[in-house]
Amino acid sequence: SRVGNPHIIPSSQNLRWVNVVEHGAICDSGTTDNMGAFDRATVAAGIGGTVYVPDCADNNFYATVNGWTINGYRGIKIQGGGARSIIVATGAGQDAIRIYNSPYYTVRDITIMGVQGGGHGLVIGNVNNAGPSHRGLIDHVNIPPNVDGNGIQINHGIITSIIRPVMFQEAAADRPSTHASLNGGIQGANGSGSAINVANQP
């Protein structure tokens, strides 16, 4: 059996580093739908590559109406520039980032947000045993309370390491009407409004 870091891709390393801005992404007040730009950057990075999401100016973010789905990219890395690298799913019921069929993924140094009536922040693996993404690393991901579903929703992702997550709550009186509020903590199946929800494992 292979012994070593479970987050290292067991194949030759892909050193491609792709900036989403170079593929048309615009960080603004939410007027631009960046889904196409993020998809193009993912394809350009390829299996084992890195998609870089630079930080934004104050009060700006990368909007994606239907969220960003990464499907079939073994070893893909999403690398932000820090807390101001903000991705917001602006569509009703939409998750900000979904990672399917992509084992050995990494998500690092990024902020994930949503809107009232939206979905989850970060989703690992699809439901019904479809699209598992195992042996992933989630490192220093910021999920403010304005996510209507769960901050991190793990459907199918065994040996998932979550390091330094930043999740917090707002008092109802301090929360804008468009913001949901996470309950905090870690829950099991059928959790709602959790910081981290482990829904199912194969």
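Predicted model: local features only at pLDDT ≥ 70, side-chain atom pairs only at ≥ 80, totals over all residues.
**Notebook: aromatic cluster and strand pairing**

I looked up F38 and Y62 first, and both come out buried (under 20% relative accessible area with a 1.4 Å probe, protein chains only; exposed is over 50%, partly exposed in between). Residues are numbered from 1 along each chain as its sequence is written, and side-chain values use heavy atoms, leaving out hydrogens and water.

Next, the rings. I find three aromatic pairs in the structure; Phe, Tyr and Trp (six-membered ring) pair if centres lie within 6.5 Å, with planes under 30 degrees apart stacked, over 60 edge-to-face, the rest tilted. F38 and Y62 make a tilted pair, 5.8 Å centre to centre with 55° between the planes. F38 sits in helix α1 (residues 35-45) and Y62 in strand β3 (residues 62-64), 24 residues apart. Helices (H or I, at least four residues) and strands (E, at least two) are DSSP runs, numbered from the N terminus.

F38 and W68 have ring centres 4.6 Å apart and planes at 70°, so I log that pair as edge-to-face. W68 is buried at 0% relative accessibility. Ring pairs link F38, Y62 and W68 into a cluster.

Then the strands, which pair if DSSP finds at least two bridges between them. I see β1 (residues 17-19) running parallel to β2 (residues 50-53), joined by three bridges. V18 has V51 in β2 as its bridge partner. β2 also pairs with β5 (residues 77-80), parallel, over four bridges. There I find T50 opposite K77 in β5.
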